[in-house]
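Here is a friendly walk through one protein model. Please keep the sequence and the 3D view open as you read.

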Amino acid sequence: MARNDHLLSVGNEALTPMTSAMNSLTAQIDQLTEVADARSSARLATLKTRMENFSASVTMVGQVKAGKSSIVNILAGRPALLPSDVNPWTSVVTTLNINTRTEGDQRAKFTFFEQEEWDNLMVGGGRLGELANRAGADDEMDDIRRQIGEMKAKSEARLGQHFDLILGQSHQYDYFDEELIQRYVCLGDEDDPDINPKTGRFADVTKSAELYMDIPQYPISLKLCDTPGVNDTFMVREQITLRSLRGSEVCVVVLAASQALTTMDMALMRIIAQFENRQIILFVNRIDELADPVNQVPEIRDRIQDTLKQNNIDANTSVVFGSALWAEAALTGNPEILSDESREALNTFYLAAGFGDQAPSLDKIWALSGLPDLLLAMNERIAEGAGNRLLDRVRHRARNIASQIRATAVAKNLTGGEGLVRDLDGVSPEDAVATIADQYEKKAAELTASLRAKVIERLNSAEANFVKRATDSLIAHLELNGEQGTWQYDPAGLRTLQKAAYFSFARSMRKEAGALYSAAAADIESLYQKILGNHLGEFSIEAPIVPRVPPPLGIGRTIALDLQSTWWRRWWQRRKGFEAFAADYTRLIASEANSITKDIEENQVAAVLENVRAILSDFMREQKETLLSISASAENDPSRNAALMAGLTPQKSRDDILGDILKDLSNEAA
C-alpha cells in the first residue's frame, strides 16, 4: 500500500447508513436465531452469509490511454500495480477483488480462453469476422485472416509446446506483483529493448485476470474491473467487457481532458447509453495537462453535456474532473513525480479553490485530484443501488422467516385439548400445499412464456419497421442520386425501438410478476390460517420481491451498420441496379437487426424470466417445507407435543421476542 493510504477513506461517509443498517439487521437475525428451530436457523444463517459476502462491482471503461488503469491503481492504493505506460498496454479485463473471501491462499487467478472461443477467433475472425462475413467485406476478411495468422504465430512462438495445453485452463498463485501481472495481461512491443521478455507471454490467450487484496480503508467488498476498451482488433474484448458490465453496479467512464467526448469511440457511447443515469459516472482525467484548467474545465463540462444529450444520455449524469497523477503524488507523498506543467496547473487550481493562503498539503492535493469526489459518487450509487436492494431482500426474508417461526411455535404448543382447525375442505394439509405449489408453478410458466412472446413480437416489429424505413430511404436516395456516391442509414433508430420494447417488457414483468407473487403469498398465508386458525393471532406472509431488470447492454453491441470504413464504398461499388441494392441491403440490415434481438432474448430477457420463476419457486418451496412441518408436528398427540416443547423458549417469551423483531424490521424497511 502507498504511504498515505488513509486518504482512501475519504468518501466512505456515503456508505455509513448502509453499513449501519447491515450491522443492525445482523443483530436482529442473531436474535431470531435464538428462538428459531433448526430449519429456520439454517435459513437465517444463509441470510447472514449473503450480507457478509456482499460485494459491489465497479467497471472502468473508456478511451485508450485515458488513464483507466492509473485510476484503478490509485483506488487499489498501489500506483504501480497495473501497467499504465504507453508500452506495454493493458489487453485483458482485470478485476481487483477487494476485501473478498478466498479459498486458501489464492491471491491471483488468470483464466485462458476456451478452445471453442479460440477456434472461433482463429477460424472465423471473432465478432469482427462475423460482421465482415455478413457485410460481404471480402477484402477486410482477408486482412483479418492475415492479422489472425500473425497473432497465432506469435502466440505459438511464445508458448511453444504448451500452447494447446493451456486453453480452457487457469493459473493460480498465492501472490502477485507487477512482473507476474504483466506476464498475463500486457502486450508489449517486442522491438522495445526496455520491455521484459516475459511481458505478455500469455496475454493473447488470457481471457480474464482476478487479483485479491485487502484494503482496510474500504468498509465493504469491492470488485474493480479494469477493461482494455471496446475497440480491439477482433472485438473479442468488446464481448468480455459487455459481459463484465452486465453485472456491474457502477460504470465509470474515464476520459482524457484533452479529448473528452469529442473523439469518444462510438462503440463506447452506444454501450453507456443503455445504462440508467445513476449507474454512470464520467471521470475526466488528466486535467493537469490542460493549459488553462480553471477556465477549460467548465467549457469541457458544457461540451460533454451537449454530447450526452445528442446521444440520448441524461445530461445530468455525474461528471467528475481530476488527475490521477495528482492523486498518485498525494497517495505516495511524493510531489516530485509532477512535471513542471502539472505542478503549475495544480497551483492554479489550488488558488482557484481558495487555498492560496494555506500551506500546501497532501490532503488538499488529494481533494483537487478528484479521487475523493469519484469515491463519494461510487459509494453513493453502491449504497442506493445494490446495498439498498440487498437490505430490502434480507429484511423481507427475515420477516417471513420470523412469521414461520411463530407459526411453527404455535403448532408445537397445540395439545390434544385444542387441536388444529384444519379448515381445508376435507383435503389433507399435504394435498392442499401440493395443489397450491403446482398451481403457481404452472402460472409462473404461463406468465414467463407470455412475457417472452410479447417482447419478441415487439422486437421483431421494431426490426421490420426499421428495415422498411431503411430500405425506403435507400430507394429514395437511388431515385434521386442514381448509383453514384455512397449512402448509409444510421442504426440509432433501431436501437431506440429495441430499447423501448425492452423497457416495455420490464414494466410488464414488474406489474404481472408482482401480481402473481402477491397472489401466491395471499394463498400461502390463507393456508397457515386454515391449518392453525385463531391460534396465530397477528400474522402475515409477504410476497417475494420482484427481480430487477438489468440495463439492455446487448443493444450496445457493434453491428456491421456501425462500422465506418471503406466497407460501405466497396459494398456499394460491387452492386449494380436498384433491385440489387435494395435486396442485398435488406438482407444485411435484417440479419444485423436480428443479431441484436437474439442477444437481448438470450442474454437479457431469458435471464430475467428465469429469475422470475426461480424466486417464486424458492418462496413456494420454503413455505411448503414449513407448512408440512407444522402439519406433522401439530398432530393431536399430547405426549409428542410435550417432547417437542422440551427445552424450548416459553411461548409468551418467544412471541414477545418475535413481535419486537418484526416491529423493528418493519420500521427499518419503512
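## About the model

This is a predicted model, in which local features need pLDDT of at least 70 and side-chain atom pairs count only at pLDDT 80 or more, while totals for chains, interfaces and linings use all residues. Residues are numbered from 1 along each chain as its sequence is written, and side-chain values use heavy atoms, with hydrogens and water left out.

Helices (H or I, at least four residues) and strands (E, at least two) are DSSP runs, numbered from the N terminus.

## The sheet and its helices

Start with the open sheet, where 9 strands follow the order S5-S4-S7-S3-S8-S1-S9-S10-S11 with mixed pairing. Two strands pair if DSSP finds at least two bridges between them. At the edges are S5 (170–173) and S11 (318–321), each pairing on one side only. From one strand to the next, the twist averages 20°.

Inside the sheet, S1 (residues 55–62) and S9 (residues 250–256) run parallel and are joined by 5 bridges. Met-60 has Val-252 as its bridge partner in S9. Helix H15 (residues 371–413) packs on the sheet, touching S1, S8, S9, S10 and S11, and its direction makes about 170° with that of S10. Helix H3 (residues 68–75) lies across S1, S3, S8, S9 and S10, at about 150° to S1. Such angles run from 0 to 180 degrees between N-to-C directions, with axes fitted to C-alpha atoms, for helices over the stretch in contact.

## Thr-227, a loop residue

Look next at the loop between strand S8 (221–226) and helix H9 (236–246), where you will find Thr-227. Is Thr-227 buried or exposed? Thr-227 is buried, with a relative accessible area of 1%; buried means under 20%, exposed over 50% and partly exposed in between (1.4 Å probe, protein chains only).

The Thr-227 side chain reaches the backbone oxygen of Met-60 at 2.6 Å. Beyond neighbours within four places in sequence, the contacts of Thr-227 (heavy atoms within 4.5 Å) include Val-61, Lys-68, Val-93 and Thr-241.

## Helix H13

The buried residues of H13 are Ser-342, Ala-345, Leu-346, Phe-349 and Tyr-350. Seen down the helix axis, they fall within an arc of 145°, so they line one face of H13; the arc is that of the directions from the axis to the C-beta atoms. On the other side, Asp-340, Glu-341, Glu-344 and Leu-351 are exposed.

Helices H11 (293–310), H12 (324–332) and H14 (362–368) are among the elements covering the buried residues of H13. After H13 comes Gly-354, with a positive phi near 85°.

Terms used. A polar contact is a pair of N or O atoms within 3.5 Å; within protein, one must be able to donate a hydrogen and the other to accept it, and residues adjacent in sequence count only if both atoms are side-chain atoms.
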